[in-house]
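Student: Please take me through one part of this model closely, a sheet and the helices packed on it. I would like one connected account.

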Amino acid sequence: MTDFVTRFRAHPRSDRKVTHLPDGRPAAELTHLELDRKARAVACRLTGSGMAGRPVLLLYPAGLDFLVAFLGCLYAGAVAVPAPLPLSGASRVDRVDRLIEDSGARLVLTDEAHVTVLSGLSARTFDETAAPDSWEPPEVDADTVAYLQYTSGSTSRPRGVEVTHGSLTHNLELFGKISGDVPVRRIGGWLPHHHDMGLVGLQLQALHAEADLVLLSPEAVVARPIRWLRAISDHRVDWTVSPDFGYAWTTRRVGDAELDGLDLSCLTMAVSGAEPIRIATLDAFADRFASVGFRRTALSPGYGLAESTLVVTCTSRGLGPTVRSFTPASLAAGEVVPTSAADGVPLVGCGEPGDMRVRVVDPATGVEVGDGTIGEIRVAGPSLAAGYHGDPAATRATFVTGPDGRWLRTGDLGFLLDGQLYVTGRLKELIIVRGRNLYPQDIEFSARGARPDAGRGAAFGVRDADSGEHVVLVQELRRASQADAGEFADAVLDAIAKQFGVAVSIVVVRPSTVCHTTSGKVRRGHMRELFLDGGLSALHSVLTPAVAAIVTASEETHV
Amino acid sequence: MSDESLRAWLVDAVAGYLELPPSQVGTEVALRSLGFDSVHAMGLCVDIEERWGVLVEPTLAWDFPTIDTIVTHLAPQIDRT
């Protein structure tokens with residue numbers, strides 16, 4: 001298989017372009033040919049400063065410069081490390097320091113507008129006027145690391161997934177198969193380029209498939225989601241991607257008057273991934289925009305994770321979502337029974353496994369279970385990443401090599417039925433809110449930093465089919481503290497809200513309530529069960545309405 | 001403009017973002033305790049600008065965590081415009 005760089009280099013087209021639509025300013029454009037020329041200039045400069053094989057941190061706002069720099073790194077055989085711009089808040093600056101330390105990056109690249117504000121990191125702009133013709137292809141093979149995909153901010157040690165040139169190329173080829181007989185022609189979207197779905201699913205897919213690319217910034221679309229639909233309509237985009245919340249928020253925020261002149265009939269792939277997919281979201285979006293030409297069959301639920309570059313399975317173009325209902329009791333018992341009864345729980349299929357093999361196993365024994373049995377999802381195939389950067393122990397624990405090959409333990413729960421993969425929950429402690437990965441230890445750390453009398457805490461996610469996933473923190477108040485538990489809860493919640501921008505429910509408890517293992521590891525799963533079963537004695541609690549509803553439902557099923 | 005019309009408008013707006021009945025949106029409770037997050041905060045910014053003609057930061061809901069404190073903060077600015 002020709003690798004991504006070689007293939008793109010072979011025919012960069014002058015009739016394909018990348019367009020950035022900045023908020024309130026004129027659009028910026030580059031053809032694939034111009035992009036290639038600029039990337040070669042960047043590569044020459046990187047090679048000249050000895051960066052081949054070394055990590056380069058890329059701190060860019062949404063726009064075209066990121067793609068030039070990223071491609072330049074790959075052209076130079078340097079390891080690209082995309083990360084969010086650290087614009088506000090001390091914690092974000094700390095995070096960049098940890099990324100630099102963890103990745104070993106000694107060069108930070110940014111754009112003109114941010115070089116001064118990032119001068120503390122010795123950030124530099126690239127020089128794209130260097131002679132691109134002196135560029136020579138780097139010596140890379142399929143196992144060479146192309147870039148590090150860091151998942152969202154960890155206060156503890158960041159985890160950089162090592163994506164190789166081989167795994168990237170394989171995953172991009174997989175997109176071609178999902179597209180079917182009709183190659184993608186124009187891709188549009190707004191996911192950040194430091195997110196795996198934004199980087200691979202939008203930007204790199206467009207280059208690999210020789211498609212036009214239309215980019216908006218996440219901030220612009222969250223503020224006014226009509227911009228996303230307008231870009232699709234104006235640029236005749238046929239492929240877009242978003243987490244569930246993007247579809248839900250857009251359905252809710254776009255007013256009737258804004259639909260005037262909109263035509264979404266061009267859109268044949270609207271991929272939903274990166275967080276639990278709610279059937280209510282898909283239905284509401286399809287209903288809301290049917291009158292402007294949106295077709296329900298465009299909705300294409302998928303499943304993936306950075307450890308598999310991006311996509312594992314995705315509904316193929318034109319099929320539309322597969323929705324099946326199961327009895328609540330069978331889902332709780334882990335052996336699903338389809339039903340057409342009104343109390344059935346509808347689940348959305350995430351597509352059929354193809355080039356990436358999928359197996360569902362008993363998480364305790366690792367033994368494969370039959371169709372319809374819920375277990376841990378494991379994945380094998382050429383899209384698997386090389387591992388976690390600088391963390392061989394975590395790599396060995398997650399990418400397990402046995403007699404039948406190398407398998408990724410995804411930490412996600414689900415089942416296979418009639419060829420479709422359904423994702424039902426999560427074994428790992430990661431919490432996913434609005435497509436963003438949150439590590440429980442980061443929330444616990446933030447809580448401890450908010451108040452000196454904050455003791456041990458346990459953060460975890462709870463979810464239901466209607467409202468998605470929510471963060472809960474069980475937080476000890478130290479014995480010596482004379483503080484009012486309500487004030488204490490407020491201070492902790494304020495700090496977390498400011499730092500993470502997510503709504504958190506809190507249960508303030510007495511010391512020695514939060515369980516831990518003999519080695520000191522917080523037993524988050526156990527605390528979650530206690531919380532849902534009503535087994536915690538609270539000094540004070542503040543639950544969001546959605547979390548309160550989940551607790552009520554959970555207690556009812558346990559009575 | 002009366003503070004009450006701003007307050008009532010904020011209750012309706014917040015109830016809309018959170019898909020809650022307005023009766024569940026207290027003006028003295030922290031918005032985050034209702035499930036208000038950074039995406040809703042962005043929506044609130046845009047809507048305040050459109051309805052009341054004042055520019056606010058996306059951090060408004062963290063700096064002024066309840067509807068009542070937002071009213072106290074915004075009312076003088078709105079009256080000036």
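Tutor: The part to look at is an open sheet of four strands in chain A, in the order β24-β25-β26-β27, with mixed pairing. Two strands count as paired if DSSP finds at least two bridges between them. Helices (H or I, at least four residues) and strands (E, at least two) are DSSP runs numbered from the N terminus. At the edges of the sheet stand β24 (454-464) and β27 (540-542) of chain A, each pairing on one side only. On average, neighbouring strands are turned by 15° against each other, direction ignored. Axes here are lines fitted to C-alpha atoms, for helices over the stretch in contact, and angles run from 0 to 180 degrees between N-to-C directions.

A note on the source: this is a predicted model, in which local features need pLDDT of at least 70 and side-chain atom pairs count only at pLDDT 80 or more, while totals for chains, interfaces and linings use all residues. Residues are numbered from 1 along each chain as its sequence is written, and chains are lettered from A and ligands numbered from 1 in the order in which they are written.

Now the strands in turn. β24(A) and β25(A) run antiparallel and are joined by nine bridges; they form a hairpin with three residues between them. Within that pair, A:F460 stands opposite A:V472 of β25(A). Eight of the eleven residues of β24(A) are buried, so this strand is largely enclosed by the rest of the structure. A residue is buried if 20 or more other C-beta atoms lie within 10 Å of its own, exposed if 12 or fewer, and partly exposed in between, with C-beta atoms placed from the backbone.

β25 (residues 468-477) of chain A also pairs with β26 (residues 504-509) of chain A, in the parallel sense and over six bridges. A:V471 has A:V504 in β26(A) as its bridge partner. A:V471 is also among the residues with the most contacts inside the largest nonpolar core, which has 194 residues. Such a core is a set of buried Ala, Val, Leu, Ile, Met, Phe, Trp, Tyr and Cys residues joined through C-beta atoms within 7 Å.

Next, the helices. Helix α13 (residues 440-450) of chain A lies across β24, β25 and β26 of chain A and runs at about 140° to β24(A). Helix α14 (residues 485-500) of chain A packs on the sheet too, touching β24, β25, β26 and β27 of chain A, and its direction makes about 145° with that of β26(A). Contact means that the C-beta atoms of two residues, placed from the backbone, lie within 7 Å.

The 16 residues of α14(A) should span 22 Å at 1.5 Å a residue, and its end C-alpha atoms are 22 Å apart, which agrees. The expected span is 1.5 Å times one less than the number of residues. The buried residues of α14(A) are A:F488, A:A489, A:V492, A:L493, A:I496, A:A497, A:Q499 and A:F500. Just after this helix, A:G501 takes a positive phi of about 65°.

Helix α14 also faces the other chain. The contact between the chains takes 19 residues from chain A and 17 residues from chain B. α7 (218-223), α9 (244-253), α14 and α16 (545-558) of chain A each supply at least two residues of the side of chain A that touches chain B. The largest share of that side, five residues, comes from α14(A).
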